[in-house]
Amino acid sequence: MLIIVLAVLWSWVAVAWGNDSIPFLYRGHLYLPACINNEHQANVIFDTGGSDLFGIDSVYLSASEWHPQSLGRARTGGAAGGTSVRVIMDLTPLSIGSLKSTYQIVPIFKLRDVVDCHVDGIWGIKDIEQHPLEINFEHSFLKYYKDGNPLVEDYEKLPIRCHDHRIQVQAEVLVGGKSIQGWFLVDTGSGAAVDFTASTVKQYGLESLSGKRYVKEMTQFGIGDKSQESIIEMQSQRIVIGSDTTSNEVISYLPDGTGAFGQKDYVGIIGNKVLSKFNLIIDIPHSVLYLKRFKADQPVKATYDFDFRNRTDIGKGWIVSSLTRNGDAAQAGLQLNDRITAVNSRPVEDYSWEEEYRIDEVPQITLDIITANGESRQITLSPEVRW
């Protein structure tokens, strides 16, 4: 279904913005159509925090007609620390729009355990240091400027630095009355607003800040060996990048963060809840980022205090992946790893991706669940304004 949607989007983008533009579908992450080995279609997440990596999901690989000839093992890192993974060691051509690359090493990740069944792979543009890259959230396309220059009229120009193929920009976050300033990783692989590293938590004493906070229990926060994590959420007063201010976004931090959230040379990660308000042009050759706001801040809305991952690829259900400690869902009896089979008497496999993505907009939901021990239950919940 996603391939069909992106094919239609691709046709529209090609007419409007040129054949070298690559469409994406935004659902918290940027999903792009890819072709592997000139024959296997896949949906990949574009991840600026993933460097020039191309990795594939293990379930997608098992279900596909792709049969690698040479396999090995390697150690890799992610948001949940390090882990040992199998790697494909065949030369692997990858085409995404007009961009064509060949990879000697392709890690095999359990990506769907981290995201959901809509993802087949994860990808960062190779040689991003060589040419400007436009990420146009307003019209849902990427454009890599190998020839010519992007139009930067009406964009704000900001200095950036690049380390290990990853981009950092200076920003300020005001939370609990404390101003936290420094270099932040620009990460389209994150669906959050801002996440702080463990070193920043200690340096700024974030755990002693005044203000409302929630503890969220999560399974498989990212790639890595740490299968469960407790993160702290607070509401920021402002997030400032250049001359632009974003207000009232929820930020999070991990007191004992590992991997990308451990001891780093950046204070935190800026993700898509902030980035998606802008059109961006990343020009590493000239060490600048161009930003242009097109989307206004939205009022704080009512939400449910749990999240799930769609795993209808391996069973009939959405798997509960996060819960606010002592929140409405937890008090109603919902637990991590419960399997939601129906919402308001409708089987979850009948929900479109758009409906699934906008479940917070449903004013009340009754969940049919199956617990880890096989017990069947029903839970009724309503969204709440929590900040």
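Me: What makes strand E14 and strand E24 a pair?

Reply: In this predicted model, four bridges join E14 (residues 156-163) to E24 (residues 288-293). Pairing requires at least two bridges, so the two strands qualify as paired. They run antiparallel, and Glu-156 has Leu-291 of E24 as its bridge partner.

Me: What makes strand E23 a partner of E24?

Reply: Six bridges connect E23 (residues 278-283) with E24 in the antiparallel sense. Since at least two are needed, E23 and E24 count as paired. Ile-282 stands opposite Leu-289 in E24. The hairpin of E23 and E24 has four residues between the strands, and Ser-287 takes a positive phi near 55° there.

Me: Why is Asp-187 said to have no salt bridge?

Reply: The nearest side chain of opposite charge, that of Arg-166, is 7.5 Å away. A salt bridge has to lie within 4 Å, so Asp-187 has none, although Asp-187 is buried.

Me: How do you know that the side chain of Asp-187 makes a polar contact with the backbone nitrogen of Gly-189?

Reply: The side chain of Asp-187 reaches that nitrogen of Gly-189 at 2.8 Å. The cut-off is within 3.5 Å, and therefore the pair meets the distance condition for a polar contact. Asp-187 is placed in the loop between strand E16 (178-186) and strand E17 (194-196). Beyond its neighbours up to four places away in sequence, Asp-187 touches several residues, including Asp-47, Thr-48, Ile-270 and Asn-272.

Me: Why is Asn-38 called exposed?

Reply: The relative accessible area of Asn-38 is 59%. Exposed means over 50%, so the term applies to Asn-38. Asn-38 lies in the loop between strand E3 (30-36) and strand E4 (40-46), and has a positive phi of about 65° although it is not a glycine.

Me: How do you know that Ser-345 is exposed?

Reply: Ser-345 has a relative accessible area of 65%, and because the threshold is over 50%, Ser-345 is exposed. Ser-345 is located in the loop between strand E27 (339-343) and strand E28 (346-347). The phi of Ser-345 is positive, near 70°.

Me: Which residues have the most contacts inside the largest nonpolar core?

Reply: They are Ile-56, Trp-123 and Ile-135, in a core of 62 residues. Strand E15 (residues 166-175) gives the most to this core, with five residues. A second, separate core of 19 residues includes Trp-318 and Leu-367.

Technical notes:
Residues are numbered from 1 along each chain as its sequence is written. This is a predicted model: local features need pLDDT of at least 70, side-chain atom pairs count only at pLDDT 80 or more; totals for chains, interfaces and linings use all residues. Side-chain values use heavy atoms; hydrogens and water are left out. Buried means under 20% relative accessible area, exposed over 50%, partly exposed in between (1.4 Å probe, protein chains only). Lys and Arg count as positive and Asp and Glu as negative; His and the chain ends are not counted. A polar contact is a pair of N or O atoms within 3.5 Å; within protein, one must be able to donate a hydrogen and the other to accept it, and residues adjacent in sequence count only if both atoms are side-chain atoms. Contact means heavy atoms within 4.5 Å. A nonpolar core is a set of buried Ala, Val, Leu, Ile, Met, Phe, Trp, Tyr and Cys residues joined through side-chain atoms within 4.5 Å.
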